[in-house]
Structures are given as C-alpha cells and as structure tokens.
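Here is a friendly walk through one protein chain, from the overall picture down to single residues. Please keep the viewer open as you read.

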Amino acid sequence: MSSLDRAELREVSAAVLAVTSHLSARDVLQTIVTSARKLLGARYAALGVPDSAGSFAEFVVDGITDEEWAAIGPLPRQHGVLGAMLHDPKPVLLDDIHDHPGFEGYWPAAHPDLTAFLGMPITDGDEILGGLYLANKPGGFTAADSELLTLLAAHAAIALVNARLYERGRELSILEERTRIARELHDAVTQKLFSLRLTAEAASTLLERDPARAAEQLATVRQLAAEAVDELHAVVTGLLPAELAGDGMALALRKHVELLDRVHDASVTFTAGDLPKLSPPQQEAVFRIAQEALHNALRHSRAGVIDVALFARGRVVYLLVSDNGTGFDPTEAGRATRRLGLASMRDRARAAGGKFTVTSGAGGTTIRVEVPLDGR
C-alpha cells in the first residue's frame, strides 16, 4: 500500500463508491471496467464473466465505440490468455501480450492490436467470478498498477456478489408472490367457481323438467358469479407491489422496467419527471396499464426498443409506452389476448377518470394515458 499516494487512494475510493451504488449486475460490471481504465491510464479495458458453455455470460468493454465493438463480432470464447486467467487466480503483467504462452496469434479483423497487458482475476474465495483485462497503457503497466488493480478488483468482487444476491432476492420475491397468488386464487375463487359450475349443471338438467327450480338455480348462479368477481377483484387488488405503496409510482415502475430490461432481449428504458400525488386508485391504474402495455410490446411487437415515460403537465399526469415494433391495426387488434389487453387498459384509464389512446403503424406503437389530478 505504500506505493499508493493519497490522490490514487481518493480515486480508488470514488471508484468503489461508484461500484457499490449500483445494484444491476450489468451496471456493476460497466462501472468496474470504466473505473479501472481511467485509474490506470489504459487505452482499452474489458471484463468477462464466464458461462458454463465455454463463452461469457457477460462481456463489457470500455475505450472503444459501440460501432467498433459491433464490428469485432461475436463474444470471445474462453481460450488463450482470457481463458487461462479464468483458471489461475494470479494476475498477469506483460510488456506485450504476444509473448504470453497462451496467446494464439490472431485477433478478429476489426479488433485493435493489443500490446502492454495487465490481467486481474476477480475472485470470491476460491471462485473466480471473472477476469478484468487492461491493455495498451503508454509506457506499459507497473507493479504499482497491479497493486492498485488488485485493490479495485477486491472491492469489485464484493459489489458483484452483492448484485448477484440482490437479483436472486428479486427472483425469490417473484416466486413467493406467485405462490401467494396461486394460494389465494385457490382459496378465495376456485371453490366458488366449482360451486357455480355445479349449480349451472343442475339448472341445465332442470330446465325442461322443472323450470321454476331451474330459475332458482340460475339465480344462485348469478349470485355466485358476482361473489366470484368480487373476490377475484380483491385478490388482484392485493397484488399491488409493495414498492407502489412504499416507494411511489415512479420508483415502482422504474424497478419493474429495469427488471424487464434485464430478462428480455429488447432494450426497455424509463424516464420520469416531477410528479404530483395521484390518489392510490389512480396510481394503481397507471401502474397496471404500464405493465399491460409492456407485456403486449414484449410479447407481440418484436420491438428492439421500448420506452416508458411518466411526466406531468399542469394538473395532468401522462404515461407513454412506445415501441419500434411491427405495429398493428388498433381497430382490429388481431389476437384476442391483445384485444382484451387494450380493453382492460381502456377500462382502467376510464375508472381513474383519465383518457386512453393507442396509435400504431409500421413504425411502432404508442400507448398514451392522461390522468387528471381531480379525476375528471
């Protein structure tokens, strides 16, 4: 540690704080790479997290443009110097990466030529979580650079483990919520629907033989159906995420969008401005409409980008969900599930005192909701 001056320590501290402020694993990895490249003055930096199929589950880079990265082609495999570092916890410090015994003698056509190289495994106990690779520092890397990168990698390992635990915790919460939903649907609704079916069958058999009794059974059917609808509504209302009550509509929707962005191929983004306070029913309506619109876009549109915007103008809150997908004819809506989804969103907006519109064509689809504060 003696070789690290106070300025470097402040830079390390800032980098560590930046890393630990992120909960998304992808954000953690990108912050690690960017911080490492800047701290050590390297031209290029990358970080790879291996998968079980000989490639990388994640591979993020810094120092090249998106166009340059796309031109390089597919993700690297676990071979050569990169592969060797995933099995050996010792750092690799080279004046020229071409001299490493694991170097295989070639790059992809668009890949920059690398010379000076510093590789640092990111470890958690005996497990190698990934490899941190820096290259092309003017004058080459030093032992002090390796010491500095070791310190950052140690904190990065903690941040990466925390991010993994956070994401696993969210997945567990989703599973627990699904279990609760299934249990409540069974307890509160399934038995009622079973009784409704039996009563309807009894009415059917009595219809010709005893019309009066059949009418009584049909009256019971209507009552059971109404009760089932009420109980189902109560269950659905109970599904409102805890974040909506605790964090507010904007933050709850942001978390939902971030989760979808991680698990789907499409890029799902969220922006929000300052918002006035809507009533709880209005918040639920806006949140549920956004969920339904996102579900439709991800399932039907084949969009590469989906944008969610939440903002206010005057005393009106606006929700926009836009995608660049194939579009559809809103007057026909095509599939029954989409038609029902549009009807559900329209009904929710109306119940909240708002307006619902959908525009769609070859360039994509936009769902627009306007909810006034006074509900009128």
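Predicted model: local features only at pLDDT ≥ 70, side-chain atom pairs only at ≥ 80, totals over all residues.

Residues are numbered from 1 along each chain as its sequence is written, and side-chain values use heavy atoms, with hydrogens and water left out.

**The whole chain**

The secondary structure comes to ten helices and ten strands; these are DSSP runs numbered from the N terminus, with helices (H or I) of at least four residues and strands (E) of at least two. Some totals for the chain are set out here.

| Property | Value |
|---|---|
| Buried share of the 376 residues | 39% |
| Accessible surface | about 20,400 Å² |
| Share of that surface from carbon and sulfur atoms | 55% |

Buried means under 20% relative accessible area, exposed over 50%, and partly exposed in between, for protein chains only. The areas come from the Shrake-Rupley method with a 1.4 Å probe. Contact means heavy atoms within 4.5 Å. Among contacts between residues at least 6 apart in sequence, 61% join residues at least 24 apart.

**The five-stranded sheet**

An open sheet is built from five strands in the order β2-β1-β5-β4-β3, with antiparallel pairing. Two strands count as paired if DSSP finds at least two bridges between them. At the edges lie β2 (56-62) and β3 (92-94), each pairing on one side only. On average, neighbouring strands of this sheet are turned by 15 degrees against each other, direction ignored. Strand β1 (residues 44-50) pairs with β2 over six bridges in the antiparallel sense, and Ala46 stands opposite Val61 in β2.

**Helix α8**

Helix α8 (residues 249-263) has 15 residues and reaches 22 Å from its first C-alpha to its last, close to the 21 Å expected at 1.5 Å a residue. That expected span is 1.5 Å times one less than the number of residues. The buried residues of α8 are Met249, Ala252, Leu253, His256, Val257, Leu259 and Leu260. Seen down the axis of α8, these buried residues fall within an arc of 160 degrees, so they line one face of the helix. The arc is that of the directions from the helix axis to the C-beta atoms.

**Ala156**

Ala156 is found in helix α5 (residues 143-206). Is Ala156 buried or exposed? Ala156 is buried, with a relative accessible area of 1%. Not counting residues up to four places away in sequence, Ala156 touches Ile32 and Ile122. The C-alpha atoms of Ala156 and Val33 are separated by 9.8 Å, although these residues are 123 residues apart along the chain.

Technical notes
Buried < 20%, exposed > 50% of the residue type's maximum accessible area, 1.4 Å probe, protein only. Axes fitted to C-alpha atoms, helices over the stretch in contact; angles between N-to-C directions.
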